[in-house]
Amino acid sequence: FLKVSINQNGTLNIFHKPSGKMFQGLGYFQDSGEVGNPWQHTSPMNDIVVTSLGSRAKISLVEDGRYSATFRVELEIEVPTEASADGTARSTYTSTIPICQYVTLKRASERVEIRTEINNTARDHWLRVVFPTGISTDHSFADSHFDIVKRDIPLPDTDTWKEPAVGTKPMRSFVDLNDGKAGLAVLVRGLQEYEVFDRAERPIAITLLRTFPINMEVSEAREQTLPDLGTQCLGKQVFEYAIYPHTGDTSSGGVPIQAMEFTVPVRAVQFAPSPDGTLPWQAGLFKSPPKNVIITAVKKAETDDKIVVRFFNPTEDEMVETLSFTPEIKEAFKLNLAEEEIEKIKVQKDNTIILKVPKKKIITLGLTL
């Protein structure tokens with residue numbers, strides 16, 4: 001699916017074979033000043049923005065197996081050490097931040113996985129990793145709670161607003177840009193903020209660090225800076241994310257499925273052979289075709305022995321979900337989120353349940369096996 005090359009400055013060029021698209025200069029680092037607080041980013045009046053585009057990386061092969069290959073990419077960026085005392089600028093003295101990336105491509109994988117290790121030696125700064133997409137679009141797509149949210153990239157005119165609109169947006173496990181024919185998604189583990197710069201190359205910026213002191217304001221006349229440096233995130237920090245080029249749009253391109261596979265990988269454990277085992281060597285609770293309906297929970301009910309299966313449809317169209325179960329289903333019900341029965345639903349003879357899922361709706365099933 002992919003052909004990946006590493007540039008001398010540590011960025012990646014990815015050729016996506018199914019769409020024929022080339023993505024260049026992916027994954028450079030951008031650092032700017034931060035004089036805000038936990039709730040709001042504020043740039044110094046006289047900010048200095050530093051990138052890694054002029055760096056010269058040390059590139060080495062660390063693994064080259066039949067199923068996976070990994071390169072280590074080491075580079076450094078020099079950034080102002082902290083904000084000035086009055087918070088209007090960044091310091092003239094600097095600190096060096098070493099960055100070590102492990103870039104992995106697995107056999108038959110459709111994504112490039114990256115583990116980034118940073119030794120943060122600076123304070124009062126905002127460090128992001130940037131992916132120029134080259135996608136012609138005015139919208140981004142990111143997952144939220146039981147939804148995929150479409151957002152405008154150009155900011156509205158906020159001259160009359162109490163607070164100006166900001167470009168940063170929340171996400172849970174991915175952000176995607178596409179033109180309906182092809183796109184580029186960034187999948188993340190634990191990173192919650194992105195911004196798409198309103199520039200021709202439509203870069204996606206993922207926040208890695210935003211560091212600041214803790215200022216306590218008891219009253220307008222009394223303000224103090226606490227000595228706790230925890231919010232400066234000093235020392236070693238580790239981040240994991242992946243680059244996923246795709247055809248189609250967010251849903252048809254399989255972005256949510258790829259994000260789930262990346263953020264919640266399969267765990268392998270050995271529990272057989274056992275003299276007491278009765279299950280076949282291959283079995284599963286149920287099968288669901290990998291379509292646009294997203295399964296979010298498979299669990300035991302809170303108050304009885306039902307198995308609860310919850311899923312939702314994030315698209316603008318009605319979808320049909322088919323669940324094929326291995327064990328026999330005695331009865332099945334639609335539940336509300338409090339796991340109270342709403343209505344009984346029909347189970348096919350082959351232990352299959354077929355349901356229409358309206359657009360932007362959550363469905364919860366309760367099954368007695």
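Of the 369 residues in the chain, 43% are buried (under 20% relative accessible area, with exposed meaning over 50% and partly exposed in between, for a 1.4 Å probe and protein chains only). The model is predicted, so that local features need pLDDT of at least 70 and side-chain atom pairs count only at pLDDT 80 or more, whereas totals for chains, interfaces and linings use all residues. Residues are numbered from 1 along each chain as its sequence is written, and side-chain values use heavy atoms, with hydrogens and water left out.

The chain contains 1 helix and 28 strands, taken as DSSP runs numbered from the N terminus (helices H or I, at least four residues; strands E, at least two). Its C-alpha trace spans about 75 × 55 × 45 Å along the principal axes. Among contacts with a separation of 6 or more, 62% are between residues 24 or more positions apart, a contact being heavy atoms within 4.5 Å. The accessible surface of the chain is about 20,400 Å², and carbon and sulfur atoms contribute 50% of it (Shrake-Rupley method, 1.4 Å probe; for residues, only the protein chains shown count as cover).

A pair of aromatic rings is described by the distance of the centres and the angle of the planes. The structure holds 3 aromatic pairs, defined for rings of Phe, Tyr and Trp (its six-membered ring) with centres within 6.5 Å; planes under 30 degrees apart count as stacked, over 60 as edge-to-face and the rest as tilted. One of the pairs joins F131 and Y241, which is edge-to-face because the ring centres are 6.0 Å apart and the planes stand at 75°. Since F131 belongs to strand 10 (residues 125-132) and Y241 to strand 20 (residues 235-247), this pair ties together parts 110 residues apart in sequence. F131 is buried at 0% relative accessibility, and Y241 is buried at 1%.

F146 and F312 form another edge-to-face pair, with 5.7 Å from centre to centre and 80° between the planes. F146 lies in the loop between strand 11 (139-144) and strand 12 (147-152), and F312 in strand 23 (residues 307-312), so the pair links parts 166 residues apart in sequence. F146 is partly exposed, at 33% relative accessibility, while F312 is buried at 5%.

Charged groups also sit over rings, a term that requires NZ of Lys or CZ of Arg within 6 Å of the ring centre and within 35 degrees of the ring normal. The charged end of R128 is placed over the ring of W126, 3.6 Å from its centre. R189 lies over the face of F262, 4.0 Å from the ring centre.
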